[in-house]
Amino acid sequence: MQDLVALVTAAPETPAGTSRFVRWLSLQGLSIVLWVLGALLATRFIQWVVGRITARIDSQFTESDALVRSEAIKHRHSVAQILAWAAIAIVYIIAGFNIVRQFNVPITGFVAPATVLGAALGFGAQRIVQDLLSGFFIITEKQYGFGDVVSLAIVGATEPAEGTVEDVTLRITKLRSADGEMITIPNGQIVKAINLSKDWARSVVDIPLPIGADMSKVNDLIAQIGHQAFTDSRTRNLLLDEPTAMGVIDIEVDTMTVRIVARTLPGKQFEVSRDLRSRIVRAFGRAGIALAPGSVIETDSVSPVAAEEGSR
């Protein structure tokens with residue numbers, strides 16, 4: 001009877017490897033789970049901290065009377081994004097190494113394969129390295145930053161990518177176009193960067209006129225338009241100096257082109273150009289001066305660098 005009771009109450013036998021697997025799960029497996037959760041929590045914490053920092057940087061602009069972000073604010077915003085990207089990468093690298101160690105794989109055993117892999121990446125991942133180096137120089141040289149209006153010439157593209165910078169990392173630049181599209185560009189593919197909102201900008205408006213127009217009257221009208229725009233409360237804060245006429249810049253068979261220019265705050269040249277065009281149309285209409293038939297008032301925006309080169 002005692003043998004029967006002992007047989008019934010005895011624990012069922014388990015396979016030989018089951019106890020070792022349960023022990024591994026309770027030790028190494030738990031450690032792996034903790035490292036994964038720790039990496040995820042650290043990533044969320046870094047993103048939260050950087051979000052608070054960038055929000056505080058942006059609040060310095062929104063709470064001030066400034067109409068545009070200063071170069072220091074834009075640079076600090078970009079640096080904060082770069083530091084967040086680098087910190088998250090370091091967290092994942094540390095977590096990855098510690099997870100590999102839990103499988104009892106010696107880290108020193110990766111030295112030789114890492115050398116071969118590094119050589120292979122040196123040939124196969126040249127574009128990634130190029131992107132990272134280009135992004136490093138974009139940030140350190142302050143070529144552009146968050147909130148800048150830029151025009152980027154890209155390798156193999158017939159037209160430049162234009163828009164407002166929404167994100168800059170070591171590898172990519174993200175632009176928001178005028179149509180609301182998000183454009184992502186690898187930094188290594190950028191061959192020319194034109195910053196349309198660095199320090200100051202210039203609004204350029206070309207006025208097509210028929211041959212024979214009274215130039216003295218035209219110049220007087222342009223001077224009046226520039227003075228009115230400079231004294232108007234709507235545009236006074238956008239202008240750095242009074243719009244002036246540059247005279248006739250082009251003559252064709254039956255038309256000539258007169259140009260008016262104005263130095264504006266960074267990124268505000270488009271708004272100033274729209275205001276000047278409307279003033280020109282009204283003033284010339286009241287004065288009885290018609291525009292050249294079949295032509296339109298053209299507007300261009302010149303960056304500070306391009307403006308300096310054109311004035312030489």
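Predicted model: local features only at pLDDT ≥ 70, side-chain atom pairs only at ≥ 80, totals over all residues.

Residues are numbered from 1 along each chain as its sequence is written, and side-chain values use heavy atoms, with hydrogens and water left out.

The chain averages a pLDDT of 78, and 77% of the residues score at least 70.

| Stretch with pLDDT under 50 | Contacts beyond four places in sequence |
|---|---|
| Residues 304-312 | 7 contacts |

The secondary structure comes to 9 helices and 9 strands. Of the contacts with a separation of 6 or more, 67% are between residues 24 or more positions apart. Buried residues make up 35% of the 312 residues in the chain; buried means under 20% relative accessible area, exposed over 50%, and partly exposed in between (1.4 Å probe, protein chains only).

The UniProt record, an unreviewed entry, lists residues 32-50, 79-99 and 105-125 under "transmembrane region". Such annotations may be inferred rather than shown by experiment; positions are given in the numbering used here, and feature names are shortened. In the model, residues 32-50 are 100% helix, with end C-alpha atoms 27 Å apart. Residues 79-99 are likewise 100% helix, and their end C-alpha atoms lie 30 Å apart.

The largest nonpolar core has 22 residues, of which Ile-207, Leu-209, Ile-222, Leu-276, Ile-280 and Phe-284 touch the most other members. A nonpolar core is a set of buried Ala, Val, Leu, Ile, Met, Phe, Trp, Tyr and Cys residues joined through side-chain atoms within 4.5 Å. Strand 6 (201-210), helix 6 (215-231), strand 8 (255-264) and helix 8 (269-287) each supply at least two residues of this core. Helix 6 gives the largest share, 6 residues. Beyond its neighbours within four places in sequence, Phe-284 is in contact with residues including Ile-207, Val-218, Ile-225 and Ile-289. A second, separate core has 13 residues, among them Ile-138, Ile-139, Val-150 and Leu-170.

Strand 6 is mostly covered, with 8 of its 10 residues buried. Strand 6 and strand 8 run antiparallel and are joined by 10 bridges; DSSP must find at least two bridges between two strands for them to pair. Asp-206 has Arg-259 in strand 8 as its bridge partner.

Strand 3 (residues 172-176) also runs antiparallel to strand 4, with 5 bridges between them. One of the bridge partners in strand 4 is Ile-185, which faces Thr-173 in the pairing. The two strands form a hairpin with 5 residues between them, and Gly-180 in the turn has a positive phi of about 85 degrees.

Is Asp-131 buried or exposed? Asp-131, in helix 5 (residues 126-140), is buried, because its relative accessible area is 2%. Leaving aside neighbours within four places in sequence, Asp-131 is in contact with Leu-170, Arg-171, Pro-186, Asn-187, Gly-188 and Gln-189.

Conventions:
Helix = DSSP H or I, 4+ residues; strand = E, 2+ residues; numbered from the N terminus. Contact = heavy atoms within 4.5 Å. pLDDT = per-residue confidence, 0-100.
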